Structure formats: C-alpha cells, structure tokens
Amino acid sequence: MNQKYRPETICIQSGWKPKKGEPRVLPVYQSTTFKYDTSEQMARLFDLEDEGYFYTRLQNPTNDAVAQKICELEGGVAAMLTASGQAATFYSIFNIASAGDHVISSATIYGGSSNLFTVTLKKLGIDFTLVDPEISPEDLEKEFRPNTKAVFGETISNPSLVVLDIEKFAKAAHDHGVPLIVDNTFATPINCRPFEFGADIVTHSTTKYMDGHAMSVGGCIVDSGNFDWMAHKEKFPGLTTPDESYHGLVYAEAFGKKAYITKATAQLMRDLGAIQSPQNAFLLNVGLETLHLRVPRHCENAQKVAEYLEANDQVAWVNYPGLKSSPYYERAKKYMPNGTCGVIAFGLKGGRDLSIKFMDNLRLACIVTHVADARTSVLHPASHTHRQLSDEQLIEAGVKPDLIRFSVGIENVEDIIADIEQALETVK
C-alpha cells in the first residue's frame with residue numbers, strides 16, 4: 001500500500017486491491033493454471049523476466065494477496081505462503097544452508113522444529129547446535145563455525161514460553177555475517193515485530209493465531225530485505241552465484257532486496273512443492289481481518305487465568321511472561337509492551353500423572369493437538385507434541401514432565417476459570 005497504515009488497518013485493507021468492477025472481497029483463484037496469448041509471454045515467466053502467474057505451485061493471486069498482507073504487518077519487503085508452519089521453517093533454513101553447513105538454534109523451540117533440525121535436516125547433511133536461550137554473548141560467540149549459515153529462535157517458545165532476547169542473537173548473527181531467523185507465531189506482528197530488533201527473516205505457522213479458527217493449515221516466510229547477501233557472497237552461493245537451473249541468473253543481483261523470497265519461490269517451491277492451497281489462503285485472510293481484535297483478548301484472558309493459577313494452592317508453578325514473577329517479564333515488556341500471547345505453561349502439585357488427570361476432567365477446554373485459536377484448549381507436551389524427545393531432550397527444550405500447555409481462548413474468562421476450578425476439585 002502506498003500510504004503507511006497501522007496494523008489494525010493493514011489487517012483489513014492490505015493485500016487485495018480490487019480494480020474497477022472486481023470483487024471487493026478477496027476471491028479464491030481456484031485454478032492450477034493461467035492463460036497467456038503467446039508462447040513468448042509464458043517463456044518470459046519461466047525465465048523470471050516478467051511477473052505473473054502460470055502455475056499455482058509457484059504463485060497464485062489469492063496466496064500472493066495474503067502473503068502481502070502478512071509482509072506489511074511484519075514490515076518486510078517480500079513474503080511467501082507455505083503449506084504449513086513446518087514447511088516455512090524448513091524452507092527458511094534450506095534456502096541458505098545445504099549439506100556441510102551449520103546452523104545455531106535456541107534449544108527451547110517447538111518439538112517438531114527441534115526434530116526437523118536434529119533428525120531430518122541432519123540426514124541432509126546440515127548440522128545444528130542447540131543452545132540455551134539464556135547463553136551469555138561470550139559463550140554464544142564460541143558456537144559459531146566458519147560454515148555457520150544462520151541463527152534461529154522463537155519470539156515466544158512453544159511450549160516453554162521463553163521470550164527470546166532478539167537483540168542478543170541478532171548481534172551475534174550479524175557479527176558473523178549470517179541472518180537471524182525468528183519464528184513469530186505466538187507473538188504475531190500485533191505484539192512483536194522482530195525486524196525492529198534486528199531479525200532478518202520471520203516465519204509463522206499461520207495455522208495458529210493468524211487463522212484463529214483452527215480451519216486451515218499454513219505457514220509464511222517474510223524477508224526484511226535488510227540482510228546484505230552480496231556483502232557475504234562466499235557464505236551464500238545459492239543467492240550470489242549463477243543458478244544454472246535458471247540460465248545462470250544470480251538472485252541477489254537480479255532481485256535485490258527480494259532475492260531471498262524469489263529464490264525460495266522459484267527454486268524450493270518449484271522443486272519441493274509445499275504450497276498453501278488458495279482455499280486455505282482465503283480462510284487465512286478471513287482470520288487475519290480480526291487478528292488485531294483477537295490477540296488483545298487472548299492476552300487479557302490469559303493474564304487473568306495466569307493470575308488465578310498463581311494464587312491457587314494446588315498449582316506447583318506457573319510460567320506466563322505477563323506475570324511479574326516470570327523471569328521473562330522485563331524482556332517481554334521490552335519486546336512486547338502490549339502483551340505476549342494467550343498460552344500459559346503450568347504444573348500441578350502431584351506431578352505428571354495428576355496433571356494428566358486434571359486435563360481429562362476439563363469440560364470447556366478441549367484436549368487437542370493445536371494451540372492459539374479462538375477456543376480454549378489444553379495439551380500435555382511430554383505426552384503429545386514432544387513425545388518423540390527423550391527425557392534429556394525434553395529438559396533441554398524447556399519442557400518439564402508435568403508441563404500443561406493451556407491455550408486461553410476468547411470466551412468469557414470467568415467461564416474459563418470456572419472450568420479450571422471444577423477440574424482442580426476432581427484431583428484434590
């Protein structure tokens with residue numbers, strides 16, 4: 001958009017810009033292919049010499065409108081939708097790292113991401129070092145290698161709710177000539193814009209707060225355009241040397257600040273194909289239109305639930321960045337002054353078995369393999385999302401055996417608290 005709008009307006013107005021006689025609401029371009037009048041027109045698209053659409057696996061008008069909206073919310077220069085948040089994480093790394101390379105990541109990240117890094121990408125020859133997010137700058141410095149290509153972290157970790165010190169990790173990454181990639185799923189750009197603190201690339205599982213209704217799986221990668229790939233030419237040959245699959249095109253030279261997303265789209269999406277369906281992108285856009293209304297309500301409700309839990313004698317511990325007792329309270333105020341997220345981590349006196357019994361007796365809150373949508377939900381990560389991790393890996397990821405991940409929805413908060421109260425009564 002030509003005028004710089006505030007987030008609330010971007011949620012409603014950005015992305016789709018109808019021309020005279022076109023639909024006011026973003027349409028679903030439910031087509032795999034797009035027509036051109038001459039062979040030359042199509043050829044120029046395949047050579048990346050013209051912009052346009054020819055096959056939905058690479059680009060689609062519905063997807064591009066939604067990606068543009070998320071891009072504007074984050075303050076980036078280019079964005080790409082993916083089939084899932086997991087695909088976004090994979091592409092964000094694989095776009096700049098290959099066999100023989102090394103990446104540093106915060107250890108307290110989503111279990112699926114941890115497994116992707118330490119198992120699947122390891123099979124592809126990419127080595128990961130997982131570090132304590134509270135690592136000192138001096139010790140973080142020691143983890144870099146000549147073949148390190150990126151640093152990765154989550155603004156608010158899932159499910160341990162560690163608030164990342166973005167500036168610390170950004171400085172370390174930039175001192176070594178590599179970008180910082182940040183998963184901003186839990187905070188969303190409503191509460192945190194990592195680019196403003198030095199992050200270079202942002203990823204999202206749009207399945208969570210952005211969709212908000214648990215209807216469509218998706219992901220997104222946003223590039224800030226701030227990282228100078230050519231200044232570190234030897235580290236990133238995929239962006240700074242000729243791509244023979246596109247007649248020797250050099251992405252950083254041909255596309256400038258949009259090089260990273262162009263390569264991810266034209267090369268990775270072409271070859272791997274984890275594209276978000278136009279129908280899912282349409283549903284995601286519906287969710288985005290209320291993101292600025294829902295996120296504050298999630299945070300308001302979560303704050304009240306966290307305070308209730310902290311005051312309850314049956315609760316052993318509570319971790320929520322909005323509580324003054326949280327070790328991340330001050331950091332959260334710095335990076336997310338308007339609120340953090342709607343997710344709370346806590347454990348009950350009595351340990352793992354009692355925590356599971358408590359969850360089984362909730363009525364309003366459902367046990368689901370999901371988090372961060374309009375409905376209150378609950379999960380036991382050690383038994384579910386992080387089940388593949390060993391006890392040692394669980395502790396490294398900040399997941400205690402008794403940790404309950406409680407995702408506070410936007411229902412009436414008194415009803416949510418009443419549900420917790422009656423479930424606690426059953427395990428006394």
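C341 counts as buried in this predicted model, with a relative accessibility of 1%. C341 takes part in no disulfide, and the nearest cysteine sulfur, in C299, is 6.6 Å away.

**Cysteines**

- Searching the whole structure turns up zero disulfides.
- For C71, the closest cysteine sulfur belongs to C220 and is 7.9 Å away, so the two are too far apart for a bond.
- C71 is buried too, with a relative accessible area of 1%.
- As background, a disulfide is a covalent bond joining the sulfur atoms of two cysteines.

- Seven strands form an open sheet with mixed pairing, in the order 1-7-6-5-4-2-3.
- At its edges are strand 1 (78-82) and strand 3 (127-131), each of which pairs on one side only.
- On average, and ignoring direction, neighbouring strands here are turned by 20 degrees against each other.
- Strand 2 (residues 102-106) runs parallel to its partner, strand 4 (residues 148-154), and four bridges link the pair.
- Across from V103 you will find A150 of strand 4.
- Helix 5 (residues 111-123) packs on this sheet, where it touches strand 2, strand 3 and strand 4. The direction of helix 5 makes about 145 degrees with that of strand 3.
- Helix 7 (residues 166-175) lies across strand 3, strand 4 and strand 5 (180-183), and runs at about 150 degrees to strand 5.

- Strand 9 (residues 343-348) and strand 12 (residues 404-407) are antiparallel partners, joined over four bridges.
- Within that pairing, V343 has S407 of strand 12 as its bridge partner.

**The largest nonpolar core**

- The largest nonpolar core holds 122 residues, and the members touching the most others are V305, I344, F346, F358 and F406.
- Helix 13 (residues 291-310) gives the most to this core, contributing eight residues.
- Which residues does V305 contact, leaving aside neighbours within four places in sequence? They are I344, F406, V408, V413, I416, I417 and I420.

Conventions. Residues numbered from 1 in each chain as written. Predicted model: local features only at pLDDT ≥ 70, side-chain atom pairs only at ≥ 80, totals over all residues. Heavy atoms only, no water. Core = buried A, V, L, I, M, F, W, Y, C linked by side-chain atoms within 4.5 Å. Buried < 20%, exposed > 50% of the residue type's maximum accessible area, 1.4 Å probe, protein only. Helix = DSSP H or I, 4+ residues; strand = E, 2+ residues; numbered from the N terminus. Contact = heavy atoms within 4.5 Å. Pairing = 2+ DSSP bridges. Axes fitted to C-alpha atoms, helices over the stretch in contact; angles between N-to-C directions. Disulfide = S-S within 2.5 Å.
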